[in-house]
Amino acid sequence: MEKKNIDWGNLGFNYMVTDYRYVSNFKDGKWDNGQLTKDDKVVLSEDAGVLHYCQACFEGLKAYTTENGDIVCFRPDMNAKRMSDSAKRLVMPPFPEERFIEAVKEVVKANAAWVPPFGSGASLYVRPVMFGSSPVIGVAPAEEYQFRIFVTPVGPYFKGGAKPIFVRISDFDRAAPRGTGDIKAGLNYAMSLYNIVDAHEKGYAENIYVDPATRTKIEETGGANIIFIDKEGNLVVPKSGSILPSITRRSIVAVAKDILGMNVIEREVFVSELGDFVECGLCGTAAVISPIGKIDNHGEIIEYGSMDKMSPTLQKIYDTLTGIQAGKIEGPEGWVVKIC
Ligand code: PLP
Ligand code: COI
């Protein structure tokens, strides 16, 4: 199989139309058999549920090439489960988890020519998405849905790759207590757009959201969870019912505890203690681990070492996690799933 003629090393985090996508439709109470298609367009009723009441959820995972040439992906079962959880919360029929994993494999395999080669630093971003496709005019769930998985080759989410970023504490809120912050609903991102455009205009790479009820506790950013290293070298992870259960973060916790022998503390983290930590970073599929060099808390600047390179403990975690993903370090069984 000949790879596409792409400058793999200089890809940003952008969408590119690839050859195949997987589509399954839910109608008359059941999912159809699903199939690959070359058609990247979706034709919908002007009254489709997704267009009015935002009945949509999505996932994100990566496929990539390991040193020995295998195309693999990372913990797709976790994405399958989280998408089921998102669907249930939005009164959508969950796509069967086993079928989700098979569909991921099928669409990646069909687009093998788009999977960046080993060592390029790029990967194939896999985007499963589900939405209400039938007409709804009163506020109610749709009766028909489409589940789709497309792929697109991507480079780093933040320009400069693993270089420390500058972020701010946000004045807008992301997710209410008992809201939808813990699922991957499109609506959680719609409300963040104004704020991220404003942040970028002002020179910040991301917004850190705090808990809306008290505005004293750290939640997460618009597209990633946050992790800290304290003075004792512990990994500190914010705990809240309204942040997305990041698969990267849960993997980092396991790597830190079981492979690096670190102490991991999952607890509420207060804005007032930001200056007590020695390292800080974002984590997520797109972000991988992106070190935070500086946080602007309404004019008070909190710094975490150099703006040039990743801090040492995060670097160790990053090397171990990406080493497992690349097949260089043995990780827990089932994490790296071979596709072809
Ligand atoms: N938090 C938010 C709001 C996200 O959009 C993402 C991205 O998926 C994450 C966290 C990280 O989750 P994961 O590690 O599962 O990609
Ligand atoms: C991901 O990391 O997969 C995300 O979904 C974050 C962002 C691109 C929305």
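Predicted model: local features only at pLDDT ≥ 70, side-chain atom pairs only at ≥ 80, totals over all residues.
Local features need pLDDT of at least 70 and side-chain atom pairs count only at pLDDT 80 or more, while totals for chains, interfaces and linings use all residues; side-chain values use heavy atoms, with hydrogens and water left out. Residues are numbered from 1 along each chain as its sequence is written, with chains lettered from A and ligands numbered from 1 in the order in which they are written.

- The largest pocket holds about 1000 Å³ of space. Its lining has 46 residues, and F13, Y157, E206, G223 and A286 are the closest to its centre.
- A pocket is an open set of points on a 1 Å grid over the protein atoms alone, with protein on both sides within 12 Å along at least five of seven lines; lining residues have an atom within 4 Å of a point. Points are joined across faces, edges and corners, and a volume is the space filled by probe spheres set on them.
- Elements that each supply at least two residues of the lining of the largest pocket include β7 (123-132), β8 (145-154), α5 (193-201) and α6 (247-259).
- By class, the lining of the largest pocket has 24 nonpolar, 15 polar and seven charged residues. Ala, Val, Leu, Ile, Met, Phe, Trp, Tyr, Cys and Pro count as nonpolar, Asp, Glu, Lys and Arg as charged, and the others, Gly among them, as polar.
- The second largest pocket has about 840 Å³ of space. Of its 37 lining residues, G121, V288, Y318, T322 and Q325 lie nearest the centre.
- β5, α6, β16 (288-297) and α7 (312-325) each give at least two residues to the lining of the second largest pocket, which divides into 19 nonpolar, 16 polar and two charged residues.

**Cavity**

- One cavity of 30 Å³ or more is found in a search of the whole structure; a cavity is a set of points where a 1.4 Å probe fits but cannot get out.
- The volume of the largest cavity is about 30 Å³, and its lining consists of P164, P291, I292, G293, Y304, S306, K309, M310 and S311. Five of these residues are nonpolar, three polar and one charged.

**Strand β6**

- Strand β6 (residues 71-74) is covered on both faces, with I71 and C73 buried on one side and V72 and F74 buried on the other. Buried means under 20% relative accessible area, exposed over 50%, and partly exposed in between (1.4 Å probe, protein chains only).
- Strands (E, at least two residues) and helices (H or I, at least four) are DSSP runs, numbered from the N terminus.
- β6 pairs in the antiparallel sense with β5 (residues 61-65) over three bridges, and also with β18 (residues 336-338) over three bridges. Two strands pair if DSSP finds at least two bridges between them.
- V72 is the bridge partner of Y64 in β5 and of K338 in β18.
- Five residues lie between β5 and β6 in their hairpin, where G69 in the turn has a positive phi of about 90°.

- The 14 residues of α2 should span 20 Å at 1.5 Å a residue, which agrees with the 20 Å between its end C-alpha atoms. The expected span is 1.5 Å times one less than the number of residues.
- Buried residues of α2 include P76, M78, R82 and A87.
- V91 is in the loop between α2 (76-89) and α3 (97-110), and takes a positive phi of about 55° just after α2.
- V91 counts as exposed because its relative accessibility is 53%.
- Beyond neighbours within four places in sequence, V91 is in contact (heavy atoms within 4.5 Å) with Q55, P141 and Y145.
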